[in-house]
Amino acid sequence: MHVNTAEKSPFALKTALASYGIRSNPFPIDESDEFFFSTRNFGKQLAALGNLAEYGDLLLVISGVEGAGKTTALNQFQRAADARWSICRIDAQPAMTIDSLLEQLLTGFSVDTRGDDAVENERLLRSHLDALAARGAIALLAVDDA
């Protein structure tokens, strides 16, 4: 018996597809997160998250390995958001300061004015959140890549 120890060339998708008469990849990877394939179970999970976000007064944490779909799930959650929700989405950053956090929060919650310092910006943010609550809106903060 002879064993060939020579390295084999890696699997080539293009070659494999060509053997079936397919000239281009019918399922290209969509790096933009625009393509989303949902399931009935995922729809139920999104609805449950929506109920928890609206009525739970909780800190919700969605965790998983890189590439599991956390950001995609967050995108879908935002797309399905109730009109009464005001969602501020920020990306976690290792070198975030209180000033940069407040700036992201003010921008994310669509607060146009800025104060002279962090204390004034915090007051503006709290005032905005109080105004949202007074009109029955629900403020949600989503932190991605935490």
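Predicted model: local features only at pLDDT ≥ 70, side-chain atom pairs only at ≥ 80, totals over all residues.

Reader: What secondary structure does it have?
Author: Five helices and two strands. Along the sequence the pattern reads α-α-α-β-α-α-β.

Reader: What share of the contacts comes from residues 24 or more positions apart?
Author: They account for 50% of the contacts with a separation of 6 or more.

Reader: Let's go to α3. Which of its residues are buried?
Author: Helix α3 covers residues 70–79. Its buried residues are Thr72, Ala73, Leu74, Asn75, Gln76 and Phe77.

Reader: What covers them?
Author: The cover includes helix α2, residues 40–55. It also includes strands β1 (85–91) and β2 (138–144).

Reader: Stay with α2 and α3. How do they cross?
Author: Their axes come within 10 Å and cross at roughly 65°. That makes α2 roughly perpendicular to α3. The crossing is right-handed.

Reader: Which residues make the contact?
Author: From α2, they are Phe42, Leu46, Leu49, Gly50 and Ala53. From α3, they are Ala73, Gln76 and Phe77.

Reader: How does that contact split by class?
Author: Six residues are nonpolar and two are polar. No charged residues take part in the contact of α2 with α3.

Reader: How far is Gln76 from Ser38?
Author: Their C-alpha atoms are separated by 9.5 Å. Along the chain, Gln76 and Ser38 are 38 residues apart.

Reader: Switching topic. How do α4 and α5 pack?
Author: Helix α4 is residues 98–108 and helix α5 is residues 118–134. They pack at an angle of about 30°, with their axes 10 Å apart. That makes α4 roughly parallel to α5.

Reader: Left-handed or right-handed crossing there?
Author: The crossing of α4 and α5 is left-handed. For α2 and α3, the crossing is right-handed.

Reader: Which residues of α4 and α5 meet?
Author: On the α4 side, Asp99, Leu102, Leu105 and Leu106. On the α5 side, Ala118, Asn121, Glu122, Leu124 and Leu125. By class, the residues of this contact divide into six nonpolar, one polar and two charged.

Reader: Zoom in on Leu102. Is Leu102 buried or exposed?
Author: Leu102 is buried, with a relative accessible area of 7%. Leu102 belongs to helix α4.

Reader: What is Leu102 in contact with?
Author: Leaving aside neighbours within four places in sequence, Leu102 is in contact with Ala118, Asn121, Glu122 and Leu125.

Reader: And how far apart are the C-alpha atoms of Leu102 and Leu124?
Author: They are separated by 9.9 Å. Leu102 and Leu124 are 22 residues apart along the chain.

Reader: Backbone next. Which residue other than glycine has a positive phi?
Author: Asp57 is one of them, with phi near 50°. Ser110 also has a positive phi, about 60°. As background, most residues other than glycine have a negative phi.

Reader: Where is Asp57, and where is Ser110?
Author: Asp57 is in the loop between α2 and α3. Ser110 is in the loop between α4 and α5.

Reader: Why do Asp57 and Ser110 count as exposed?
Author: Exposed means over 50% relative accessibility. Asp57 is at 79%, so Asp57 counts as exposed. Ser110 is at 55%, so Ser110 counts as exposed too.

Notes: Residues numbered from 1 in each chain as written. Heavy atoms only, no water. Axes fitted to C-alpha atoms, helices over the stretch in contact; angles between N-to-C directions. Helix = DSSP H or I, 4+ residues; strand = E, 2+ residues; numbered from the N terminus. Parallel < 35°, antiparallel > 145°, perpendicular 65-115°, else oblique. Left-handed = near helix turned anticlockwise from the far one by under 90°. Contact = heavy atoms within 4.5 Å. Nonpolar A, V, L, I, M, F, W, Y, C, P; charged D, E, K, R; others polar. Buried < 20%, exposed > 50% of the residue type's maximum accessible area, 1.4 Å probe, protein only.
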